[in-house]
Amino acid sequence: MTDTYDTLLIERHEEGYAVVTLNRPEALNALNSALFADLAAFLDVVEHDDSVRCLILTGSGDKAFAAGADIKEMADQSYAQMYKANFFSHGHDRITRFRKPIIAAVNGFALGGGCELAMLCDFIVASDRAKFGQPEINLGVAPGIGGSQRLTRLVGKSKAMDMVLTARMMDAAEAERSGLASRVVPHETLMEEVRKIAAKIAGHSPLAVMANKEMVEAALETTLTQGVQFERRLFHSLFAFDDQKEGMAAFVEKRKPVFTGR
């Protein structure tokens, strides 16, 4: 299987995860249609590939995860062109449909579309040099890949409004404190730490991992009563799988479980 893309670098690891690196360093990994098409194509490839149970998404170079959407691609577009193309929808929608965990390893600037892409991932591990922001207001526009919605849900109305209206950047420490990033690690050890996290996730039952991801995502979309009911039904359903039997047997027998995804 060939993982060759114009805008991405792909590394598969025997521990059960893959590293996806945004590879437009000359543009600080700015997001364009080609990059989103490549990312969507790779997600299609690994959606049902049992050898990949978790993804890491990061940026090439030492400065940026993604410094925004590609302004040159958008600058001359009309409303009709943007509306007809449903601009940004392809990449956004494909990521939200992906059932396996994606960890954003934010190694530098995550601004505009870059911040939105990081928030589309299941959680963010940030370098202590990371900077987050939604500075679209500086261009006379607004977030367009879910930034106004996800940022508000993650950090609250006040901080989101502040960032969206003033274009100020949030550093890694504030991002962790505000709930945007799950943890902050030294810049030099970012990928080492995220690889450990991905390998740990990949070592769990892939069925249980997908179910747990679905449960947490449902919390943002449902009432508490509906969410708990959904959780309970998914919890019950996991007892149909061999992995549940293996996991509980291994616990009782004080040994490491061997999950098969069945």
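The largest cavity has a volume of about 50 Å³, where a volume is the space filled by probe spheres set on grid points joined across faces, edges and corners. The structure is a predicted model, in which local features need pLDDT of at least 70 and side-chain atom pairs count only at pLDDT 80 or more, whereas totals for chains, interfaces and linings use all residues. Residues are numbered from 1 along each chain as its sequence is written, and side-chain values use heavy atoms, with hydrogens and water left out.

A search of the whole structure finds 1 cavity of 30 Å³ or more; a cavity is a set of points, on a 1 Å grid over the protein atoms alone, where a 1.4 Å probe fits but cannot get out, and its lining residues have an atom within 4 Å of a point. The lining of the largest cavity consists of V20, L39, L43, L55, L57, I95, I102, L117 and C121. By class, this lining has 9 nonpolar residues and no polar or charged ones (Ala, Val, Leu, Ile, Met, Phe, Trp, Tyr, Cys and Pro count as nonpolar, Asp, Glu, Lys and Arg as charged, and the others, Gly among them, as polar). Helix α1 and strand β3 each supply at least two residues of the lining; helices (H or I, at least four residues) and strands (E, at least two) are DSSP runs numbered from the N terminus.

Strand β2 (residues 17–22) is largely enclosed by the rest of the structure, because 6 of its 6 residues are buried (under 20% relative accessible area with a 1.4 Å probe, protein chains only). Y17, V19 and T21 cover one side and A18, V20 and L22 the other, all of them buried.

Strand β1 (residues 8–13) pairs with β2 in the antiparallel sense over 6 bridges, pairing being assigned if DSSP finds at least two bridges between two strands. L8 has L22 of β2 as its bridge partner. The two strands form a hairpin with 3 residues between them, and G16 in the turn has a positive phi of about 105°. With β3 (residues 54–59), β2 pairs in the parallel sense, again over 6 bridges, and Y17 stands opposite C54. Strand β2, helix α1 (residues 33–46) and β3 make a right-handed β-α-β unit: with the strands pointing away from the viewer, the path from the first strand over the helix to the second runs clockwise.

An open sheet of 4 strands has the order β4-β6-β8-β9, with mixed pairing. Strands β4 (64–66) and β9 (170–171) stand at the edges, each with a single partner strand, so one side of each is left without a neighbour in the sheet. Strands β6 (residues 109–111) and β8 (residues 131–133) run parallel and are joined by 3 bridges, with K131 in β8 as the bridge partner of F109.

Note on methods:
Buried < 20%, exposed > 50% of the residue type's maximum accessible area, 1.4 Å probe, protein only. 1 Å grid on protein atoms, 1.4 Å probe; cavity = no way out; pocket = protein on both sides within 12 Å on 5 of 7 lines; lining within 4 Å.
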